[in-house]
Amino acid sequence: ETIIKDLNDREKLNYLNSNIIDKRNMEDWRNYFKGILPPPIIFFILILISFLAQGMFPVNLIFNNWYTRLFVSVPILVVSGWLAIDASLILRKNKTAITYYKPTTKFIIERSFRITRNPLYLSLLLVVVSLIVISNSFWYCVTLLLLFIFFDQFVVPREERYLEKIFGEDYIKYKNSVSRWV
């Protein structure tokens, strides 16, 4: 009975400590991401603007054959889907944040995270590449460029500073061994 009581006390202490860490983590997270719209919202806004721009001011690229465009865009979309699904499953399995509005509790170094430090953002960029090819639209090229700049210059550097602060030397080693993009 004493062992069970001690074990329960230890579990309570671990729970309390993890909640204190989570609260500090949440405060740090809020400070790092203040003033940035969530990346999926930016993604959908830019896709919508490109779609509307192509409808009002069509500017086509040089890809004319529909089957060739389909043949090229589908594998890109499949890779994008694999990255997104794989990263989401790994994050969920490890019980860390998938969404942009929750703090990270651990960083992941397996499967798609061994290829790129940002598989979810890379998957969004690949969706846009696929849209460029399938739609034959210049406007999606503009979206790709803007989205890449947004991720590379505004979102990812903040996330990296946050992760370095939370996970220290372990994250820095990971960062030095795995590319930001590919």
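User: Why are α5 and α6 called roughly antiparallel to each other?

Analyst: Happy to walk through it. In this predicted model, the axes of α5 (residues 119-135) and α6 (residues 138-167) cross at roughly 175°. Angles over 145 degrees count as roughly antiparallel, so α5 and α6 are roughly antiparallel to each other.

User: What makes α5 and α6 a pair in contact, and which residues meet?

Analyst: Contact means heavy atoms within 4.5 Å. On the α5 side, the residues that meet α6 include Tyr 121, Leu 124, Leu 125 and Val 128; among their counterparts in α6 are Leu 144, Leu 147, Phe 151 and Glu 159. The contact divides into 15 nonpolar residues, two polar and one charged. The two axes come within 9 Å.

User: What makes the largest nonpolar core a core, and which residues have the most contacts inside it?

Analyst: A nonpolar core is a set of buried residues of nonpolar types joined through side-chain atoms within 4.5 Å. The largest one here has 19 residues, and Leu 147, Phe 151 and Trp 181 have the most contacts inside it. Helices α2 (39-56), α5 and α6 each supply at least two of its residues. Leaving aside neighbours within four places in sequence, Phe 151 touches Pro 39, Tyr 121, Leu 124, Leu 125, Val 156, Pro 157 and Trp 181.

User: How do you know which secondary structure the protein chain holds?

Analyst: Helices and strands are DSSP runs, and the protein chain has seven helices and zero strands.

Conventions. Residues are numbered from 1 along each chain as its sequence is written. This is a predicted model: local features need pLDDT of at least 70, side-chain atom pairs count only at pLDDT 80 or more; totals for chains, interfaces and linings use all residues. Side-chain values use heavy atoms; hydrogens and water are left out. Axes are lines fitted to C-alpha atoms, for helices over the stretch in contact, and angles run from 0 to 180 degrees between N-to-C directions. Helices (H or I, at least four residues) and strands (E, at least two) are DSSP runs, numbered from the N terminus. Angles under 35 degrees count as roughly parallel, over 145 as roughly antiparallel, 65 to 115 as roughly perpendicular and the rest as oblique. Ala, Val, Leu, Ile, Met, Phe, Trp, Tyr, Cys and Pro count as nonpolar, Asp, Glu, Lys and Arg as charged, and the others, Gly among them, as polar. Buried means under 20% relative accessible area, exposed over 50%, partly exposed in between (1.4 Å probe, protein chains only).
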